[in-house]
Amino acid sequence: MSLTLEEALASLRVLALPMRTTFRSLDVRETALIKGESGWGEFAPFVEYSDQESLPWLESAIEAADKSLSPALRELIPINATVPASNNEAEIEQILSWYQGVDTVKIKVGTGIKEDLARIQEVRKHLPKAKIRIDVNGSWSLDDALININAIYNEVAGDSLEYVEQPVASLGELKQLRELLSASVKIAGDEVLRKAVDPFAVNLEGAIDILMLKVSPLGGIKRAMDLAIHHKLPVVVSSALESAVGISHGLALAARLPELDYACGLGTSALFNQDIGDIPIIDGAIKVKNYPIDIAQIERHELKGERLEWWRNRISRVWNLRRPA
Ligand SMILES: [Mg+2]
């Protein structure tokens, strides 16, 4: 029961899901689904990613299509709201309204400290008790990170600042930052793990306090669990702007981790205008269960012709990079 390339391509559906708000400069999210004996797998590397970087995403999709899961350990997964790098006040208010009952908000920053401070303040105006996590995507220099984190802590967030995700790009800078930072702010690592050639070989000691775990870029649920055990750090399960199929795999990981102390970034379906399954956020959490995938919705958002061909070729090329099992 091992999915072949021919079977994967025969089951391939390519989707273009319209976004409700611009995120990562995207208005439409293109992604691909393959199906095997265990159900749908999602292959969703962003279109600009290289074949090599897309390889763990394919392994993750194959695992989902091929392998069955162990029993879940919990029934509810707490969720954070996700606010893009926008300073449109009405848009921020609207986005927050999509996340009923959440007590944690992740805010994209790094677009200029004035705008960042204003964005955080705007979120705090609507949800003054919420924990705030900011995601810099590694875009600050070490000096900027020191100044900006202190400004955010002192001027707008205070102790509601739960953590700063990937403030600087490299492992060395993360270690230096943690030594130099005066405010007692936790640092989370995302790209430092998921962009690493070998995420098991990265020594995260003294660099970060919290690890972001994303199923697709880390090569699947099992590998993400193995990485959590290997690095011995508290984790936040997050997603990569995937459809309901990919989100359900993030939920499956979150439901199976022995410890889960933080809200998870699995509420990004709210950023889509339409999705292929309905995974509602109720009282700030998502219930762990099998959410049906709506075939009519797949058909409605399906791409044929040149885009289908592009994804077929991409999957074939990436498949050929796989190591024999
Ligand atoms: Mg991130």
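This is a short walk through the fold of one protein chain, and the model is a predicted one.

Let's start with the layout. The chain divides into two parts: domain 1, residues 5-68 + 296-319, and domain 2, residues 76-294. Their C-alpha centres lie 23 Å apart. The two domains touch. Domain 1 puts 25 residues into the contact, and domain 2 puts in 26 residues. Which elements of domain 1 give two or more residues to the side that touches domain 2? They are strand S1 (13-23), strand S2 (26-36), strand S3 (39-43), H2 and helix H10 (295-300). S1 gives the largest share of that side, with eight residues.

Now a helix pair. Helix H2, residues 51-66, packs against helix H11, residues 306-319. The angle is about 90°, and the axes are 9 Å apart. Angles of 65 to 115 degrees count as roughly perpendicular, so that is the word for H2 and H11. On the H2 side, the contact uses Asp51, Ser54, Leu55 and Leu58. On the H11 side, it uses Ile315, Arg317, Val318 and Trp319.

Strand S9, residues 187-189, pairs with strand S10, residues 210-214, in the parallel sense. Two bridges join them. Ala188 stands opposite Ile210 in S10.

Last, the core. The largest nonpolar core has 91 residues. Which residues have the most contacts inside it? Ile132, Ile208, Leu213, Val236, Ala254 and Leu266. Helix H9, residues 244-256, gives the most to this core, with seven residues. Both domains take part: the core draws at least three residues from each of domain 1 and domain 2.

Let's zoom in on Leu266. Setting aside residues up to four places away in sequence, Leu266 touches Ile77, Ile79, Val237, Ser239, Ile247, Gly250, Leu251, Ala254 and Ile286. One of these, Ala254, is also among the core residues with the most contacts.

Terms used: Residues are numbered from 1 along each chain as its sequence is written. This is a predicted model: local features need pLDDT of at least 70, side-chain atom pairs count only at pLDDT 80 or more; totals for chains, interfaces and linings use all residues. Two strands pair if DSSP finds at least two bridges between them. Helices (H or I, at least four residues) and strands (E, at least two) are DSSP runs, numbered from the N terminus. A nonpolar core is a set of buried Ala, Val, Leu, Ile, Met, Phe, Trp, Tyr and Cys residues joined through C-beta atoms within 7 Å. A residue is buried if 20 or more other C-beta atoms lie within 10 Å of its own, exposed if 12 or fewer, and partly exposed in between; C-beta atoms are placed from the backbone. Domain bounds come from an automatic or database domain assignment. Two residues are in contact if their C-beta atoms, placed from the backbone, lie within 7 Å. Axes are lines fitted to C-alpha atoms, for helices over the stretch in contact, and angles run from 0 to 180 degrees between N-to-C directions. Angles under 35 degrees count as roughly parallel, over 145 as roughly antiparallel, 65 to 115 as roughly perpendicular and the rest as oblique.
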